[in-house]
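User: I'm new to this structure and would like a close look at one part of it. Could you walk me through the surroundings of the ligand, and then follow the charged pairs from there?

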Amino acid sequence: MIFFGLETSCDETSWCLAEFNKTGHQCLHLTTCTQQVHEKYGGVVPEVSSRQHIEKFQSHFDEISDLVSKCDVIAVTEGPGLKGALLVGVNFASALSISQNKPCIPVDHIEAHLLSPMINSELNPPFISVVLSGGHTAIFFVEENLNLRLLSKTLDDAIGEAFDKIGLLLGCGYPYGRNLAVMADSFDGEILDLPIPLKGDVNFSFSGFKTAVKRLVSELQFLSDFHKHQIAASVQNALIETVLEKLRLIFKTFGEFPVGFSGGVSSNNFLRKKLTSEFPHSKIFFPPESLCLDNAFITCFAAFKKLKRGKVEIRLPKVYSRWKVATNH
Ligand code: KG4
Ligand code: ZN
C-alpha cells in the first residue's frame, strides 16, 4: 500500500511517498524543508511559518501532484501544532484527496513521534514511550493495541523549548537547541551544578530552570566564550539528567519494559551516551537519526500502523492546536 504524507505542524514543510507491506517499507520520496527565516525573529513566528508552507507547496505543486497520483491513501498531520501552519497542510491534503479521489487519514503528530522508534527496529508494543520534542514532553505506556496511558507530562514548557530558549540566550545560531548541544559537546572542563527540576516527581517542569539559567547569565558581567561553553554543557547535563531521573522512577514503578525515545531531543548525543552507560541491559530504541525531527515519513508510518490495527478514521482532517492524544492533559 502506498502512502502520501504531509507534515506542517510547525517550521518544517515535509512531504513523503512511502510503500508499506507485510514485510517492511520503502521510502520512495521524502522532502523536508526547514524554515531558516525564523532566525531573524529569535524563534518561530506562526504567521510566517504558514506563509512559508504555502510558498513551498505552490513552488512544488507539480511534483507533489505527481506523487499523489501514485498513492493509495493520503496521510496528514491534523494536530497538535500551530493552527495556521496545520491549516495549510490540512487544506492542501483535503483538496488533493477530493480532486484525486484518494482517501485521507488524519494523523496526530505526537502519535507519529511516539511510534517512530518502531521504524527499522524490533520495538513492538507494549513499551514505554518518551516523547521529547520542541512542543511536548511526556512519557506514555503504549499498550498492545496502541492505546496510550499517560504516565508523565510537563507541567509547563517542553524540553526542546528549554534547549531552544537557552541556546538563544547563549548566542547559539538557529536552530538554537541543536547548536546548544554542539557547543555543550565541545566543552571539556568542569560543569556547573545546576538545579534538577521536579526531582522525585514523575512529571517534568522547565520554566523555573530557564529562569535560573537566565539569572545566572545576567549575573555575569561578561559572557566569555568559556562561560558560554561551560553553561551550555551544564544546561545539557541538567536537562538530560531530568530525563534519566524520570526513567528511573518509571522503571521502579512499572518495571523495565522496552523504551522508545522520540522527538527532536531524542537525537541528542549526550542523552544516547548516558542511556547506554546507565541502562546497559535495557532495550532502548530511537528513530533513525534523520527521522527524529519533524518529517512526513513518520506521519505515513503512524497512519500505516494504526490502519493495520483497525484504529484509524478515514475522513477529511480537522485542525487542533492542543494535544488530544491523552485525555488528562
Ligand atoms: O520533534 P521536533 O522536530 O519538533 C516538534 O514537534 O516540536 O523537535 C524540535 C526540538 C527543538 O526544540 C530542538 O531544540 C530540539 O528538538 N533538538 C535538540 C537537538 N536537536 C533538536 N535538542 C537537544 N539536542 C539536540 N541535538
Ligand atoms: Zn514534532
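Analyst: Start with His109, where an N or O atom of the side chain comes to 3.2 Å from an oxygen atom of ligand 1. This is a predicted model, so every distance here is computed from predicted coordinates. Ser267 also reaches the ligand through its side chain: an N or O atom there is 3.5 Å from a nitrogen atom of ligand 1. With Asp294 the backbone does the work, as one of its polar backbone atoms lies 3.0 Å from an oxygen atom of the ligand. Taken alone, ligand 1 would expose 560 Å², and the protein buries 90% of that.

Who makes up the shell? Helix 4 (109–115), helix 5 (159–169) and helix 6 (176–185) each give two or more residues to it. In total, 18 residues surround ligand 1, and Gly134, Asp164, Gly264, Asn268 and Asp294 are the closest. By type, the shell divides into 11 polar, 4 nonpolar and 3 charged residues.

Glu161 has another partner, Lys210, with a distance of 3.3 Å from N to O. Lys210 counts as buried, at 16% relative accessibility. Together with Asp157, the residues Glu161, Lys165 and Lys210 are linked in a network of salt bridges.

Another pair to find is Arg272 with Glu289, whose closest N and O atoms are 3.8 Å apart. Arg272 sits in helix 9 (residues 269–278), while Glu289 is in the loop between strand 10 (284–285) and helix 10 (296–308), so the pair joins parts 17 residues apart in sequence. Arg272 is buried, with a relative accessible area of 18%, whereas Glu289 is partly exposed at 48%. The count for the model comes to 13 salt bridges.

Methods
Residues are numbered from 1 along each chain as its sequence is written. Chains are lettered from A and ligands numbered from 1 in the order in which they are written. This is a predicted model: local features need pLDDT of at least 70, side-chain atom pairs count only at pLDDT 80 or more; totals for chains, interfaces and linings use all residues. Side-chain values use heavy atoms; hydrogens and water are left out. A residue is near a molecule or strand if one of its heavy atoms lies within 4 Å of it. A polar contact is a pair of N or O atoms within 3.5 Å; within protein, one must be able to donate a hydrogen and the other to accept it, and residues adjacent in sequence count only if both atoms are side-chain atoms. Accessible areas come from the Shrake-Rupley method with a 1.4 Å probe; for residues, only the protein chains shown count as cover. Helices (H or I, at least four residues) and strands (E, at least two) are DSSP runs, numbered from the N terminus. Ala, Val, Leu, Ile, Met, Phe, Trp, Tyr, Cys and Pro count as nonpolar, Asp, Glu, Lys and Arg as charged, and the others, Gly among them, as polar. A salt bridge is a side-chain nitrogen of Lys or Arg within 4 Å of a carboxyl oxygen of Asp or Glu. Buried means under 20% relative accessible area, exposed over 50%, partly exposed in between (1.4 Å probe, protein chains only).
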